[in-house]
Amino acid sequence: MRNAALPLLLVAAAVLSSVARADDPIRVGQFGAFTGKEAAFGVSARKGAILAIEEVNAAGGVLGRKIELITEDNQSKQGESATIVKKFVARDHVVAVLGGNASANSLEAAPICQTAHVPMIAISSTDPKVTQMGDYIFRVCFIDPFQGAVLARFATETLKVKNVAVLTSMNSPYSVGLSRVFRERFFAGGGKIAADQRYSEGDKDFRAQLTAIKAAGAEAILASGYYTEAALICKQARALGLTVPIFGGDGWEAPELLSIGGPAVEGTYYSASYTSESTSPEVVAFVQRFHARWDETPDSIAALGYDAAMLLVDALKRAGSAEGAALRTALASTRDFPGVTGRTTIDAQRNASKSAVIITVKEGKFAYVRTVEP
């Protein structure tokens with residue numbers, strides 16, 4: 001089939017998905033990295049979404065129908081997310097898509113969902129460009145401009161440092177965007193960038209960059225990439241005698257940060273969407289249910305996966321239909337949705353306005369430090 005026919009095929013498939021029989025399940029697609037180097041994100045998000053759908057179906061479903069969650073693994077590979085979402089739309093006839101986690105994955109998938117008029121809810125993709133892909137694209141997490149500002153405030157107010165080195169993964173839209181906003185906000189607050197170093201996603205040796213950072217006399221290091229590289233950066237920094245605080249964004253949140261980094265990540269920090277230590281009734285109950293289902297404590301990505309699925313269900317109820325345009329309108333009108341990651345309001349740019357928390361590693365475990373409001 002000629003490529004020019006693809007948009008028409010996607011739209012036709014989306015229309016077919018809205019005329020299913022009344023007793024057919026409502027199909028929802030979720031894509032993510034369930035294997036490969038980013039698997040911690042995808043697996044957590046999938047567990048959160050599965051729990052949500054199981055709870056909804058146990059309570060009778062929505063619009064008189066059960067929900068069928070179809071999950072697909074992008075294997076942490078470039079290009080796979082787009083292939084998966086094309087299948088969701090053209091073959092599986094999903095009414096909505098959940099995902100992705102890494103911003104690069106959502107940036108692949110969003111144009112396909114937009115063309116097909118199938119709403120997509122990004123789970124933990126913080127790059128602002130994701131929702132700029134069109135009016136059918138939403139997210140449940142905060143965005144990098146907010147997260148970058150949170151980290152700049154944290155460096156200034158909590159760490160009380162003036163000279164910070166920035167270490168950026170240049171082929172990660174997430175890392176590039178987070179570093180950019182941090183620089184702008186930290187500089188605006190009177191701080192200075194002691195060193196600006198770069199690496200490529202998948203690198204394992206950061207000693208040259210860290211040696212330059214050490215020579216620059218940095219008081220702290222922002223490592224804005226994902227958990228695998230962050231853990232290795234911490235190990236190599238400590239081996240080089242760098243004892244300054246090291247911190248990052250929500251891309252750090254994974255058990256692998258601890259298993260790879262070991263003692264080297266003790267005392268490091270990162271921003272996240274929620275903490276399982278919260279005493280709010282919603283979080284306490286969610287942690288109990290998640291632990292009962294999966295025998296583990298849910299992290300922020302699991303909580304966001306749960307909230308993304310529940311936000312979709314709430315929109316389906318309010319729309320009274322699984323039809324794309326009606327569902328899109330309902331999602332766009334979401335106000336004060338009571339999720340486990342906080343109350344979520346979808347703004348005019350289809351982003352979620354919500355608070356962030358700072359997490360530290362203490363005695364080999366993740367521990368809550370503080371909450372920062374929008």
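1. Phe366 has a relative accessibility of 27% and therefore counts as partly exposed, since that class runs between the 20% limit for buried and the 50% limit for exposed. This value, like the others in this note, comes from a predicted model. Tyr270, by contrast, is buried, with a relative accessible area of 0%.

2. There are 13 aromatic pairs in the structure. One of them joins Tyr270 and Phe366 in an edge-to-face arrangement, with 5.6 Å from centre to centre and 85 degrees between the planes. Tyr270 belongs to strand 10 (residues 269–272) and Phe366 to strand 15 (residues 365–372), so this pair ties together parts that are 96 residues apart in sequence. As background, two numbers describe a pair of aromatic rings: the distance of the centres and the angle of the planes.

3. Ring pairs also link a cluster made of Phe154, Phe182, Phe186, Phe247 and Tyr269. Phe247 is in contact with several residues beyond its neighbours within four places in sequence, including Phe154, Phe182 and Tyr269 from that cluster. Its other contacts of this kind include Leu151, Val164, Ala220, Leu222 and Trp252.

4. The largest nonpolar core has 99 residues. Phe247 and Phe182 are among the residues with the most contacts inside this core, together with Leu98, Ile121, Leu210 and Leu257. Helix 11 (residues 300–319) supplies the largest share of the core, 13 residues.

5. Which residues of helix 12 are buried? In this helix, residues 324–332, they are Gly324, Leu327, Arg328, Ala330 and Leu331. Viewed down the axis of helix 12, the buried residues fall within an arc of 165 degrees, so they line one face of the helix.

6. Two arginines lie over ring faces. Arg46 is placed over the face of Phe34, 4.2 Å from the ring centre. Arg293 is placed over the face of Trp294, 4.0 Å from the ring centre.

7. Two loop residues can be set side by side. Ser172 is in the loop between strand 6 (163–169) and helix 6 (173–188). Ser172 is buried, at 5% relative accessible area, and touches Glu201 and Tyr226, not counting residues up to four places away in sequence. Gly241 is in the loop between helix 8 (227–239) and strand 9 (246–248), and its relative accessibility of 41% makes it partly exposed. The C-alpha atom of Gly241 is 9.7 Å from that of Thr211, a residue 30 places away along the chain.

8. Is Asn57 buried or exposed? Asn57 counts as buried because its relative accessibility is 18%, and the limit for buried is under 20%. Asn57 is part of helix 2 (residues 39–58). Apart from neighbours within four places in sequence, Asn57 is in contact with Lys66 and Ile67.

Notes: Residues numbered from 1 in each chain as written. Predicted model: local features only at pLDDT ≥ 70, side-chain atom pairs only at ≥ 80, totals over all residues. Heavy atoms only, no water. Core = buried A, V, L, I, M, F, W, Y, C linked by side-chain atoms within 4.5 Å. Buried < 20%, exposed > 50% of the residue type's maximum accessible area, 1.4 Å probe, protein only. Helix = DSSP H or I, 4+ residues; strand = E, 2+ residues; numbered from the N terminus. Contact = heavy atoms within 4.5 Å. Arc of directions from axis to C-beta. Phe/Tyr/Trp six-rings, centres within 6.5 Å; stacked < 30°, edge-to-face > 60°. Lys NZ or Arg CZ within 6 Å of the ring centre and 35° of its normal.
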